[in-house]
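Visitor: I'm new to this one. Can you walk me through it?
Guide: Gladly. Here it is.

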Amino acid sequence: SSVVVGKRFGCSDRTVMRLVRSRLGSAELAALKEHNRKRSSQTRATPAVRHSNATEPDQRQGAAQATNLDLNRLPSPLYLVVDRSVELQPQTLGSLHHLGPLHTDEQQRQGLVLFSNVRQARRQCRRNQRIVKLADPKLLGKTAPHLLTQGISRLVIEGALYALPGSTAPAQP
């Protein structure tokens with residue numbers, strides 16, 4: 001849905017719909033809406049049965065996993081939201097709902113959210129925060145030991161989860 005896509009990319013659902021309408025012709029947009037209506041009516045007709053189990057999150061196949069950080073493939077520049085005293089503000093990965101389901105051990109880890117677009121960073125910035133431009137993403141590799149001592153072992157960049165060099169290996173399902 002446009003709401004999910006908007007949350008994923010840090011914009012409103014109206015922005016998503018405006019972009020979709022501008023890129024698709026009216027016939028394609030009507031066909032897409034009809035397809036979505038059929039799909040939503042089918043899911044309402046056959047509700048999924050969910051079983052609750054305390055160990056279930058560890059066994060989910062679609063759970064997001066951290067990949068090893070490749071410093072050469074990161075977008076440049078990156079932007080980081082910090083508080084006014086330029087203190088890092090790590091977040092628990094479990095609180096970042098746009099990542100999707102996570103393994104239990106990943107939910108408790110601390111991570112930094114970085115943005116490749118300054119406008120996305122501004123949308124997340126509050127009054128007591130500011131944006132810091134990270135011109136060279138390779139600096140993350142040099143500061144990884146310091147970040148690890150602060151309890152930060154993951155980075156979230158454009159919705160993807162990365163493990164810092166030197167942190168424990170990414171969890172396997």
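Guide: What follows is a short tour, from the overall layout to single residues.

Visitor: What kind of model is this, and how are residues numbered?
Guide: It is a predicted model, where local features need pLDDT of at least 70, side-chain atom pairs count only at pLDDT 80 or more, and totals for chains, interfaces and linings use all residues. Residues are numbered from 1 along each chain as its sequence is written, and side-chain values use heavy atoms, with hydrogens and water left out.

Visitor: How many helices and strands does the chain have?
Guide: There are 7 helices and 7 strands. Helices (H or I, at least four residues) and strands (E, at least two) are DSSP runs, numbered from the N terminus.

Visitor: What pattern do they follow along the sequence?
Guide: The order is α-α-α-α-β-β-β-α-β-α-β-α-β-β.

Visitor: How much of the chain is buried?
Guide: Of its 173 residues, 28% count as buried. Buried means under 20% relative accessible area, exposed over 50%, and partly exposed in between (1.4 Å probe, protein chains only).

Visitor: And how much area does the chain expose?
Guide: About 11,700 Å², with carbon and sulfur atoms supplying 50% of it. Accessible areas come from the Shrake-Rupley method with a 1.4 Å probe, and for residues only the protein chains shown count as cover.

Visitor: Switching to charges. How many salt bridges does the structure hold?
Guide: It holds 2. A salt bridge is a side-chain nitrogen of Lys or Arg within 4 Å of a carboxyl oxygen of Asp or Glu. Side chains of opposite charge can pair when their charged atoms come close.

Visitor: Which residues does Glu106 pair with?
Guide: One partner is Arg109, with the closest N and O atoms 3.4 Å apart. Arg154 also meets Glu106 in a salt bridge, at 2.9 Å from N to O. Arg154 lies in strand E6 (residues 152-157) and Glu106 in helix H5 (residues 104-107), so this pair ties together parts that are 48 residues apart in sequence. Shared partners join Glu106, Arg109 and Arg154 into one network.

Visitor: Which residues form the positive surface patch?
Guide: Arg18, Arg119, Arg122 and Arg123. Patch residues have over 30% relative accessible area and no salt bridge; like charges are joined within 9 Å, and nonpolar side chains (Val, Leu, Ile, Met, Phe, Trp, Tyr) within 5 Å. Lys and Arg count as positive and Asp and Glu as negative, while His and the chain ends are not counted. The place of a charge is NZ of Lys, CZ of Arg, CG of Asp or CD of Glu.

Visitor: Which helix gives the patch its largest share?
Guide: Helix H6 (residues 118-124), with 3 residues. Arg18 sits in helix H2 (residues 13-23). Arg18 is exposed, with a relative accessible area of 51%.

Visitor: Now the backbone. Which peptide bond is cis, going into Pro77?
Guide: The one from Ser76 to Pro77, with omega near 0 degrees. Pro77 is in the loop between strand E1 (67-68) and E2. Most residues other than glycine have a negative phi, and most peptide bonds are trans.

Visitor: What is the phi of Glu158?
Guide: It is positive, about 55 degrees, although Glu158 is not a glycine. Glu158 lies in the loop between E6 and strand E7 (160-163). At 47% relative accessibility, Glu158 is partly exposed.

Visitor: What does Thr67 touch?
Guide: Leu161, Tyr162 and Ala163, not counting residues up to four places away in sequence. Thr67 belongs to strand E1.

Visitor: Last one. Where is Pro90?
Guide: In the loop between strand E2 (78-83) and strand E3 (91-92). Pro90 is partly exposed, at 31% relative accessibility. Leaving aside neighbours within four places in sequence, Pro90 contacts Gln110, Gly111, Leu112 and Ile152.

Definitions and conventions
Contact = heavy atoms within 4.5 Å.
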